[in-house]
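Please consider the model shown below.

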Amino acid sequence: IAIPSIAASLPYLCRARQCIVMHTIGRMKSDPKRYQHMLNAIKYSTSLWPLILSAYQKVVSTDEEKATLEKVLIILLAINSTYSLAWDIIMDWGMMQHIDTSTLPQACAVPVGSNNNNQSCAHAILRPRLRFGAATSVAILFIDTVLRYSWMLRFWEKDLFPSTDIYILCTQFLEAIRRALWNLLRVEWENIKQTRGSQLEKNVE
């Protein structure tokens, strides 16, 4: 129980430590955005508590205690998934940061397919620049949202999967798909920021 749990925890511990180090460096440089590193460290810490509780749950003997721990585990998993999803959308993808509520009703009131204005609604809600297009970006966002909560398959584990090993393999495969799709929008947003920075430098010159 201990060895797999520790192995699963190491990546989150390493990333949390990196965030804390970056926060310390930001404080030394008086970076006004250094708080983001601490928020990111908190995100990774929310991944640790379910792992710890799940490991402890395996050594509990009574069914009553297991049922109680299962409820707490579901709450911790929900907190982690919701926090991580919000971080994906806002911080990693740069979406929903500046929603203009004054123009949103007009942008989304036009029927879909009319002069491609259905994309204007997505641009108004997500962000002005969507290099993969509105439809692809919304599809990735939707899939990421669903897969962030793929742990809910545990409720139907015995009905859908012939064994626990198959269930674990399936959830790991879904996580690999989620990370691949996440990476598309992550690289896109990083490229947009780099391009924006280069344009600002040219304007200054």
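The account turns to a pair of packed helices and then to two residues of another helix.

The model is predicted. Two packed helices are described by the angle between their axes and the distance between the axes. Helix 3, spanning residues 63-92, packs with helix 6, spanning residues 134-148, at an angle of about 160°, and the two axes lie 10 Å apart. Helix 3 is therefore roughly antiparallel to helix 6, since angles over 145 degrees are classed in this way. The crossing of helix 3 with helix 6 is right-handed.

The residues that form this contact can be named on each side. Helix 3 contributes Ser81, Ser84, Leu85, Asp88 and Ile89, which meet Leu141, Asp144, Thr145 and Arg148 of helix 6. By class, the contact of helix 3 with helix 6 comprises 3 nonpolar, 3 polar and 3 charged residues.

Thr46 belongs to helix 2 and has a relative accessible area of 12%. Thr46 is therefore buried, the cut-off being under 20%. A polar atom of the Thr46 side chain lies 2.5 Å from the backbone oxygen of Lys43. Beyond its neighbours within four places in sequence, Thr46 is in contact with Asn80 and Tyr83.

Trp49 is also located in helix 2, which covers residues 35-57. Is Trp49 buried or exposed? Its relative accessibility is 52%, so Trp49 counts as exposed, given that the exposed class begins over 50%. The C-alpha atom of Trp49 is separated by 9.5 Å from that of Ser9, although the two residues stand 40 residues apart along the chain.

Technical notes. Residues are numbered from 1 along each chain as its sequence is written. This is a predicted model: local features need pLDDT of at least 70, side-chain atom pairs count only at pLDDT 80 or more; totals for chains, interfaces and linings use all residues. Side-chain values use heavy atoms; hydrogens and water are left out. Axes are lines fitted to C-alpha atoms, for helices over the stretch in contact, and angles run from 0 to 180 degrees between N-to-C directions. Helices (H or I, at least four residues) and strands (E, at least two) are DSSP runs, numbered from the N terminus. Angles under 35 degrees count as roughly parallel, over 145 as roughly antiparallel, 65 to 115 as roughly perpendicular and the rest as oblique. A crossing is left-handed if the near helix is turned anticlockwise from the far one by less than a right angle, and right-handed if clockwise. Contact means heavy atoms within 4.5 Å. Ala, Val, Leu, Ile, Met, Phe, Trp, Tyr, Cys and Pro count as nonpolar, Asp, Glu, Lys and Arg as charged, and the others, Gly among them, as polar. Buried means under 20% relative accessible area, exposed over 50%, partly exposed in between (1.4 Å probe, protein chains only). A polar contact is a pair of N or O atoms within 3.5 Å; within protein, one must be able to donate a hydrogen and the other to accept it, and residues adjacent in sequence count only if both atoms are side-chain atoms.
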